[in-house]
Amino acid sequence: MLNAADDLLVERGFTGVTMEGIAARAGVAKQTIYRWWKSKVDILLDTLAADAGEALAWRPGTASSAEEELREQLGRVAAFFGEPAGQVLLALVGHAQLDPETAAKLRDGFLREQRERDLAGLGALLARHAGHPVDERLTAVLLDVALGPLYHQALVLGRPADPGTSAAMARLVLAEATRS
């Protein structure tokens with residue numbers, strides 16, 4: 001059922017996803033869908049949570065430098081927006097602008113949990129780079145600095161961030177962390 005919701009979103013966009021369509025694509029009765037989820041937003045949030053964990057996971061120690069590690073992480077985020085799960089996230093963010101209930105569910109669930117993972121990942125990377133823990137408030141600001149352009153390019157410009165954006169954000173974030 002989760003794969004059916006993903007597929008329909010990619011094929012038809014957010015407005016083209018219906019509970020009836022998900023049930024038909026999954027080969028189950030509509031009542032089966034409603035036993036588990038009360039709306040298409042709820043099923044799309046579950047697909048997002050299931051699919052995004054590995055794609056957005058931080059991978060410490062896999063690069064030769066902090067800058068390369070951060071650049072690779074930002075590249076994974078940028079690439080994620082082009083994947084079906086990333087399309088689910090973008091569709092939910094867009095819908096959240098019009099629907100306060102969706103906004104609350106998205107913020108209080110997936111986005112909060114992902115931000116916690118991102119803060120932990122960036123905090124550990126910055127501590128390794130600076131040789132000491134970096135203030136949590138600064139880490140939060142630097143996370144926003146790093147991710148903001150990626151979301152802007154995906155949501156506003158409708159295109160993935162190029163590798164130059166990830167590289168520039170990685171240099172900027174690490175330079176600022178070192179200054180503190």
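Student: Leaving aside residues up to four places away in sequence, which residues does Thr47 touch?

Tutor: Please keep in mind that this is a predicted model. In the model, Thr47 touches Leu2, Ala5, Asp6 and Val88, when residues up to four places away in sequence are not counted. Thr47 itself lies in helix 4, which covers residues 40-55.

Student: Is Thr47 buried or exposed, and why?

Tutor: The term rests on a cut-off: a residue counts as buried under 20% relative accessible area. Thr47 has a relative accessible area of 1%, and therefore it is buried.

Student: How much of the chain counts as buried?

Tutor: The chain has 180 residues, and 43% of them count as buried. As for the surface, the chain exposes about 9200 Å². Carbon and sulfur atoms supply 56% of that area.

Student: How many helices and how many strands does the chain have?

Tutor: There are nine helices and zero strands. Read from the N terminus, the order of elements is α-α-α-α-α-α-α-α-α. The C-alpha trace spans about 55 × 30 × 25 Å along its principal axes.

Student: Among contacts between residues at least 6 apart in sequence, what percentage join residues at least 24 apart?

Tutor: In this chain, 60% of those contacts join residues at least 24 apart. Gly13 and Gln87, for instance, are 74 residues apart in sequence, and their C-alpha atoms are 8.9 Å apart in space. Gly13 lies in the loop between helix 1 (2-12) and helix 2 (19-26). With a relative accessible area of 24%, Gly13 is partly exposed.

Student: How are two packed helices described?

Tutor: One gives the angle between their axes and the distance between the axes. Consider helix 5 (residues 66-80) and helix 8 (residues 136-155), which pack at an angle of about 30 degrees with their axes 10 Å apart. Angles under 35 degrees count as roughly parallel, so helix 5 is roughly parallel to helix 8. Helix 5 passes helix 8 in a right-handed crossing.

Student: Which residues of helix 5 and helix 8 meet?

Tutor: On the side of helix 5 they are Leu74, Val77 and Ala78; these meet Ala146, Leu147 and Leu150 in helix 8. Sorted by class, this contact has six nonpolar residues, no polar residues and no charged residues.

Student: At what angle do the axes of helix 8 and helix 9 cross?

Tutor: They cross at roughly 170 degrees and come within 10 Å, helix 9 being residues 163-179. Angles over 145 degrees count as roughly antiparallel, and helix 8 and helix 9 are therefore roughly antiparallel to each other. Helix 8 passes helix 9 in a right-handed crossing.

Student: Which residues form the contact of helix 8 with helix 9?

Tutor: Helix 8 brings Leu138, Leu142, Val145, Ala146, Pro149, Leu150 and Gln153. These meet Thr165, Ser166, Met169, Leu172, Val173, Glu176 and Ala177 in helix 9. By class, the contact divides into 10 nonpolar residues, three polar and one charged. Ala146 and Leu150 of helix 8 are among the residues that meet helix 9, and they are also among those that meet helix 5.

Student: What does Thr165 touch, not counting residues up to four places away in sequence?

Tutor: Thr165, which is placed in helix 9, touches Pro149, Leu150 and Gln153. Thr165 has a relative accessible area of 12%, so it is buried.

Student: Where do His132 and Arg159 lie?

Tutor: His132 lies in the loop between helix 7 (100-130) and helix 8, and Arg159 lies in the loop between helix 8 and helix 9. His132, at 35% relative accessibility, counts as partly exposed. Arg159 is partly exposed as well, with a relative accessible area of 39%.

Student: With which residues is His132 in contact, leaving aside its neighbours within four places in sequence?

Tutor: His132 is in contact with Leu126, Ala127 and Ser180. The C-alpha atoms of His132 and Thr178 are separated by 9.9 Å, although the two residues are 46 residues apart along the chain.

Student: Which residues does Arg159 touch, not counting those up to four places away in sequence?

Tutor: Arg159 touches Gln153 and Ala154.

Technical notes. Residues are numbered from 1 along each chain as its sequence is written. This is a predicted model: local features need pLDDT of at least 70, side-chain atom pairs count only at pLDDT 80 or more; totals for chains, interfaces and linings use all residues. Side-chain values use heavy atoms; hydrogens and water are left out. Axes are lines fitted to C-alpha atoms, for helices over the stretch in contact, and angles run from 0 to 180 degrees between N-to-C directions. Helices (H or I, at least four residues) and strands (E, at least two) are DSSP runs, numbered from the N terminus. Angles under 35 degrees count as roughly parallel, over 145 as roughly antiparallel, 65 to 115 as roughly perpendicular and the rest as oblique. A crossing is left-handed if the near helix is turned anticlockwise from the far one by less than a right angle, and right-handed if clockwise. Contact means heavy atoms within 4.5 Å. Ala, Val, Leu, Ile, Met, Phe, Trp, Tyr, Cys and Pro count as nonpolar, Asp, Glu, Lys and Arg as charged, and the others, Gly among them, as polar. Buried means under 20% relative accessible area, exposed over 50%, partly exposed in between (1.4 Å probe, protein chains only). Accessible areas come from the Shrake-Rupley method with a 1.4 Å probe; for residues, only the protein chains shown count as cover.
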